Amino acid sequence: MKVSFHGKKRLCSLLFTALLIMAVLGGCADGTGESSGDNSSKEPKGSIVVGIQQDIDSLDPHKATAAGTKEILFNIFEGLVKPDENGNLIGAVASDYKISEDGLVYTFTLRENVKFHNGNAVTAEDVKYSLERVSGLLDGTPLISTMKAIESVDIVDEKTVQVTVGSANTELIYSFVAAIIPNGSGESAEANPVGTGPFSFVSYKPLEGIELAKFANYWQEGLPYLDGVTFKIVNSADTALMELQGGTIDIYAYLTDSQAQALKESHQVIGSASNVVQALFLNNAVAPLDDVRVRQAILYALDKEEINDFVGGGSGTLISSAMLPTLKDNYVDLNDTYGTKANVEKARELLTAAGYAEGFDLEIAIPSNYEFHMQTGEVVVEQLKAVGINATIKAVEWGTWLDEVYNGRQYTATISGITCDMTPGYLLNRFQTTSKKNFINFANEEYDALYLKAQETLDLTEKAEYYKQLQKILCDEAGSAFLQVPANMTAIGKELTGYKFYPVYVQDISTVTFGK
């Protein structure tokens with residue numbers, strides 16, 4: 001089946017059937033242009049500063065782990081395809097693609113005149129190298145787990161690359177957002193990142209930020225509008241508020257309700273549905289959380305409505321498992337399982353049955369740079385005390401959280417968010433027993449078997465039913481206390497237009513400009 005980025009058929013409409021409600025500012029380019037014109041003759045448009053809440057974990061786009069890193073790298077790197085603000089896949093390095101009827105062969109046609117930031121034209125060899133690197137075909141170590149399905153990458157001609165996979169998967173096309181980098185550049189990608197995106201890398205200072213400059217030879221004519229952008233690390237809520245009010249930061253996302261209220265007169269404060277699932281994550285392998293009754297007691301003890309009201313002004317969407325409600329065909333509402341209000345009596349009953357009638361101590365590690373999570377923790381601590389659980393907050397630096405909690409799994413409980421891409425199975429994938437991303441150590445044989453069945457079927461209705469069953473297992477087993485999908489409240493300087501909200505975790509600065 002041939003899939004054209006400029007035709008009416010869009011594969012993602014089958015998978016991503018209910019798009020997030022977007023709030024888009026100003027008149028913006030639609031992100032689907034074919035031109036490769038030189039933008040260097042455009043008048044200067046100035047630069048801006050975007051405040052971010054965490055440091056960058058890797059400048060190598062194939063090794064970056066944190067969603068906060070990937071949202072920045074979106075401006076530097078592009079894959080064969082990329083998402084637009086409406087949840088569709090559009091052409092980037094590729095102008096179109098087709099998938100064989102059996103789903104095993106992907107044929108990509110490369111776009112004319114796409115250049116890397118080093119001035120070299122993108123070739124089929126660059127694409128082959130990039131895909132072989134992320135899939136593990138180069139050295140046996142896949143850098144993106146879903147790309148392990150790739151069995152071979154073949155160059156048909158200078159503008160055509162054919163990818164063969166071992167088994168059909170209706171969601172695999174979304175993995176081809178993986179960055180295309182110059183042939184052989186993997187070893188230098190961390191020190192000298194080179195992509196094809198609208199902005200090129202200038203400099204990076206740990207704990208300070210990253211500076212990008214307009215790429216004059218970007219393939220999409222007229223973009224970017226700005227001369228440059230600096231992503232500045234601001235890991236204090238008070239500092240972020242002060243810098244926004246003082247004008248040293250122009251854009252800042254993921255505001256708490258209190259921050260949004262303080263800025264509503266001086267800034268554009270715009271809300272959009274996010275793709276972040278916030279949870280009180282529980283380490284299923286650590287006592288006493290290795291007892292399902294204890295985990296269930298924690299879920300009964302929580303008042304999600306109070307959390308949502310206090311931290312997000314009631315703007316979030318309450319959930320009870322790992323799926324975005326906006327993925328309607330695949331989502332099942334499980335909020336009645338434990339309720340959205342606290343059930344203290346049921347929680348105490350379960351704790352008593354598990355041998356913890358007097359409660360226990362619980363340390364909750366929270367990345368201190370995320371005020372939204374810190375405020376959530378304050379509410380959670382008070383709610384758990386009502387059932388006899390003496391919870392305390394351990395505020396940790398982002399790098400420490402990433403190393404010790406997420407990667408090291410050396411924690412008991414934590415409050416954070418996990419992000420979803422445009423595939424319904426993305427969040428559910430991480431809770432397989434053997435997944436490297438399974439930082440809660442969830443282990444369930446039925447879950448593992450059902451997930452494999454979901455990946456094997458090409459019937460989207462059948463796949464959706466498997467996903468609903470997986471959500472229910474994760475909920476019934478109280479894998480973690482899934483709380484909400486927070487609204488993304490973003491402060492934007494009143495002089496700026498063109499900021500777009502996406503159904504994935506990105507900050508697209510290419511369409512931002514001053515004035516109309």
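Serine 130 touches His62, Ala179, Ile180 and Ile181, leaving aside residues up to four places away in sequence; contact means heavy atoms within 4.5 Å. The model is predicted, so local features need pLDDT of at least 70 and side-chain atom pairs count only at pLDDT 80 or more, while totals for chains, interfaces and linings use all residues. Residues are numbered from 1 along each chain as its sequence is written, and side-chain values use heavy atoms, with hydrogens and water left out.

- Serine 130 sits in helix H3 (residues 124–135). Helices (H or I, at least four residues) and strands (E, at least two) are DSSP runs, numbered from the N terminus.
- Serine 130 counts as buried, at 1% relative accessibility. Buried means under 20% relative accessible area, exposed over 50%, and partly exposed in between (1.4 Å probe, protein chains only).
- Glutamate 349 belongs to helix H8 (residues 344–353). Its relative accessibility of 48% makes glutamate 349 partly exposed.

**The seven-stranded sheet**

- Seven strands form an open sheet in the order S9-S10-S11-S2-S12-S20-S13, and the pairing is mixed. Two strands pair if DSSP finds at least two bridges between them.
- Strands of a sheet pair through backbone hydrogen bonds, either parallel or antiparallel.
- S9 and strand S13 (268–273) are the edges. Each has a single partner strand, so one side of each is left without a neighbour in the sheet.
- S13 and strand S20 (residues 487–492) run antiparallel, joined by six bridges. Isoleucine 270 has threonine 490 in S20 as its bridge partner.
- Strand S2 (residues 47–52) runs parallel to strand S11 (residues 228–233), and six bridges join them. Here isoleucine 48 is bridged to valine 229 in S11.
- S2 also pairs with strand S12 (residues 251–252), in the parallel sense, over two bridges. Valine 50 has isoleucine 251 in S12 as its bridge partner.

**Strand S19 and its partners**

- Strand S19 (residues 481–485) is mostly covered, with five of its five residues buried.
- Strand S14 (residues 276–282) pairs with S19 in the antiparallel sense over three bridges. Leucine 280 is bridged to alanine 481 in S19.
- Strand S15 (residues 317–318) also runs antiparallel to S19, with two bridges joining them. Threonine 317 has valine 485 in S19 as its bridge partner.

**Packed helices H7 and H9**

- The axes of helix H7 (residues 304–312) and helix H9 (residues 371–385) come within 9 Å and cross at roughly 145°. Axes are lines fitted to C-alpha atoms, for helices over the stretch in contact, and angles run from 0 to 180 degrees between N-to-C directions.
- H7 passes H9 in a right-handed crossing. A crossing is left-handed if the near helix is turned anticlockwise from the far one by less than a right angle, and right-handed if clockwise.
- On the H7 side, the meeting residues are Glu306, Ile307, Phe310, Val311 and Gly312. Those in H9 are Phe372, Gln375, Thr376, Glu378, Val379, Val380 and Gln383.

**Aromatic rings**

- The whole structure holds 19 aromatic pairs. Rings of Phe, Tyr and Trp (its six-membered ring) pair if their centres lie within 6.5 Å; planes under 30 degrees apart count as stacked, over 60 as edge-to-face and the rest as tilted.
- Tyrosine 106 and phenylalanine 176 have ring centres 5.3 Å apart and planes at 40°, so the pair is tilted.
- Tyrosine 106 is in strand S6 (residues 105–110), and phenylalanine 176 is in the loop between strand S8 (160–165) and strand S9 (199–205), so the pair ties together parts that are 70 residues apart in sequence. Both tyrosine 106 and phenylalanine 176 are buried.
- Phenylalanine 442 and tyrosine 447 make an edge-to-face pair, 5.6 Å centre to centre with 80° between the planes. Phenylalanine 442 is buried at a relative accessible area of 2%, and tyrosine 447 is buried at 0% relative accessibility.
- Ring pairs also link a cluster of Phe281, Tyr370, Trp398, Trp401, Tyr406, Tyr411, Phe431, Phe439 and Phe482.

**Charges over rings**

- Arginine 111 lies over the face of tryptophan 219, 3.9 Å from the ring centre. A charge sits over a ring if NZ of Lys or CZ of Arg is within 6 Å of the ring centre and within 35 degrees of the ring normal.
- Lysine 437 lies over the face of tyrosine 426, at 4.5 Å from the ring centre.
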